[in-house]
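Dear colleague,

I am passing on the structure we spoke about, together with notes on what turned up in it. Please look at the model first and then read on.

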Amino acid sequence: MNIYSPIQEIRFKNYQNISVKRDDLIDPYISGNKWRKLKYVLEDASNQQKKHLVTFGGAYSNHLLATAAAAARFGFKSTGFVRGEQVENETLLLCKLFGMHLIFVSRESYQNKEALFTLHFKNDQNAYFIDEGGASLLATKGCAEIIAELPQTYTHLFCAAGTGTTAAGLLKGIQQYQPNTQLHVIPVLKGGDFIKDEIAKYHEDLTGLHLHTDYHFGGYAKTNTLLLEFMRNFIQETGLLLDPVYTAKMMYAIYDLQQHNYFKENDQILALHTGGLNGIWGMKEKISQITL
Ligand SMILES: *Cc1c(COP(=O)(O)O)cnc(C)c1O
């Protein structure tokens, strides 16, 4: 698959020297960092002659959708274990349309993914296990390539984090190709300090890593009027869509740090748009409560 991920400068309020790497343009469904994370995982599955991708996610998981779309495109069957009671929504509808078989499991059994995989697929030689969010060492390898693609050096690179796998790959890439770049990671969950340990599982040297743990807005998939109105203003002034779960929190962090004079005048700032725009559907009630 050829990658189309240009870098675009944005104008928004007093943002200065901010560019966005448009990984959201890679594909509408195998989107952003989910493509980066799947790339070598899919290669590994083919090398092992596996024909059936099995993975895990919540009901609005960008990773489930990316896996369903990638499976269809590259000739795999796919199964997704979905956390919680049976529901229908836009993301799961698309997963099914791409041919993914969905299995809804209780929150308790979802905890043990290896057990679920063994229970359902121990006799299926074709089944290939992909962890929730695509988290794996191979995933970090795909994400490190983002840095190799950059046409210039940046002082600061920002990304949103859920599992920290993308951040781990970026840090690896930075240390390899752009050692003067500072990596700023915005955990979208509460208590985001754990991301440091997650990154260290894949990449021990944490030089150049900055975690900003105060931009979670209450936790994963939590939001408030401040964030949603910021997101709306950003979208309307730049024409660039953000999702409320990940990229809006990252952009808000950059905006807020800039308000507090965190950056120097000639700093070059790059924000990684990790895609995931289908996350908007998971928040549609909340978004429609603000003035649009
Ligand atoms: C999944 C996702 C992330 C989080 O990536 P991790 O590697 O789990 O930290 C960030 N942004 C978007 C848009 C995502 O869909």
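The model is a predicted one.

Strand 7 (residues 156–161) and strand 10 (residues 269–273) run parallel and are joined by 3 bridges. Within this pair, phenylalanine 158 of the chain faces alanine 271 in strand 10. Both strands belong to an open sheet of 6 strands, whose order is 1-2-10-7-8-9 and whose pairing is mixed. At its edges are strand 1 (7–9) and strand 9 (209–211), each of which pairs on one side only. From one strand to the next, the twist averages 25°.

There is a second open sheet, made of 4 strands in the order 5-4-3-6, with parallel pairing. Its edges are strand 5 (101–105) and strand 6 (127–129); each has a single partner strand, so one side of each has no neighbour in the sheet. Ignoring direction, neighbouring strands here are turned by 25° against each other on average. Strand 4 (residues 77–83) is joined to strand 5 by 5 bridges, and the two run parallel. In that pairing, glycine 80 stands opposite leucine 102 of strand 5. As a general point, strands of a sheet pair through backbone hydrogen bonds, either parallel or antiparallel.

- Asparagine 62 places a polar side-chain atom 2.8 Å from an oxygen atom of the ligand.
- Glycine 164 has a polar backbone atom 2.9 Å from an oxygen atom of the ligand.
- Threonine 165 has a polar backbone atom 3.5 Å from an oxygen atom of the ligand.

On its own the ligand has 390 Å² of accessible area, and the protein covers 97% of this.

Best regards

Notes:
Residues numbered from 1 in each chain as written. Predicted model: local features only at pLDDT ≥ 70, side-chain atom pairs only at ≥ 80, totals over all residues. Heavy atoms only, no water. Pairing = 2+ DSSP bridges. Axes fitted to C-alpha atoms, helices over the stretch in contact; angles between N-to-C directions. Polar contact = N/O pair within 3.5 Å; in protein donor to acceptor, adjacent residues only side chain to side chain. Areas by Shrake-Rupley, 256 points an atom, 1.4 Å probe, with all protein chains shown as cover.
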